[in-house]
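Here's a quick walk through this model, one topic at a time. Keep the 3D view open as you read.

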Amino acid sequence: MQFLRHAYKRFADLVHELAKFGIIGAIAFVIDFGATNLLRWGWGWGPLTSKVIATIIAATFAYLGNRYWTFRHREQSGLAREYFLFFLLNGIGLLISMLVIGFVTYTLGLEDPISYNVALLVGTALGTLFRFWSYKRWVFLAATAVTEEIPKELPGETRVR
């Protein structure tokens, strides 16, 4: 029975984290997608430059949301370390997205808004899968379990048996 209880708690914790990560991710996605399209089609910036600038803005929001809401119960290993790793891993997620956008734009020669946005969606989905896994593994670490044993009897106390 203990095994089932532990498995349920672990699964429930994962679902809870995933839901919060999804909410922060959805807001960051709106920021990223909206800013990318504004920079690309509204201001005429390049396809990759637009994505990089928008990702920096969205990633800053996502870091704050994930640190102080999604993963707030996890061990805090230092703001500088977390921030550096978060943006390094976001850079890898961005690279995944840029490879998809670059392939569609430069290899396939599709430069219309629909093709760009499909590439943006596919790249973002692949990058998000990588980011969720990597954040849990390297940025927002699991809380260290307290291993201190609680004595069965306190000093000077006698238990009735």
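## The second largest pocket

Sorted by class, the residues lining the second largest pocket are 10 nonpolar, nine polar and three charged. In that scheme Ala, Val, Leu, Ile, Met, Phe, Trp, Tyr, Cys and Pro are nonpolar, Asp, Glu, Lys and Arg are charged, and the others, Gly among them, are polar. A pocket here is an open set of points on a 1 Å grid over the protein atoms alone, where a 1.4 Å probe fits, with protein on both sides within 12 Å along at least five of seven lines; lining residues have an atom within 4 Å of a point.

The second largest pocket holds about 320 Å³ of space. Of its 22 lining residues, G25, A28, N90, T128 and R131 sit closest to the centre. That volume is the space filled by probe spheres set on the grid points, which are joined across faces, edges and corners. Helix 1 (2-42), helix 2 (47-70), helix 3 (79-107) and helix 4 (113-139) each put at least two residues into the lining, and helix 1 gives the largest share, eight residues.

## What kind of model this is

This is a predicted model, so to speak of local features pLDDT must be at least 70, and side-chain atom pairs count only at pLDDT 80 or more, while totals for chains, interfaces and linings use all residues. Residues are numbered from 1 along each chain as its sequence is written, and side-chain values use heavy atoms, with hydrogens and water left out.

## The overall fold

The protein has four helices and zero strands, running α-α-α-α from the N terminus on. Helices (H or I, at least four residues) and strands (E, at least two) are DSSP runs, numbered from the N terminus.

Of the 161 residues in the protein, 34% are buried. Buried means under 20% relative accessible area, exposed means over 50%, and partly exposed is in between (1.4 Å probe, protein chains only). The accessible surface comes to about 10,500 Å², and 71% of that belongs to carbon and sulfur atoms; areas come from the Shrake-Rupley method with a 1.4 Å probe, and for residues only the protein chains shown count as cover. Take the contacts (heavy atoms within 4.5 Å) between residues at least 6 apart in sequence: 73% of them join residues at least 24 apart.

## Two buried residues

Look at N117, in helix 4. N117 counts as buried because its relative accessibility is 16%. Its side chain makes a 2.8 Å polar contact with the side chain of N37. A polar contact is a pair of N or O atoms within 3.5 Å; within protein, one must be able to donate a hydrogen and the other to accept it, and residues adjacent in sequence count only if both atoms are side-chain atoms. A polar atom of the N117 side chain also lies 2.9 Å from the backbone oxygen of P113. Leaving aside neighbours within four places in sequence, N117 touches F33 and N37.

T55, in helix 2, counts as buried because its relative accessibility is 11%. Setting aside neighbours within four places in sequence, T55 is in contact with D32 and L94.

## An exposed tyrosine

Y106 lies in helix 3 and is exposed, with a relative accessible area of 53%. Beyond its neighbours within four places in sequence, Y106 is in contact with P47 and L48. Y106 and P47 are 59 residues apart in sequence, and 10.0 Å apart in space from C-alpha to C-alpha.
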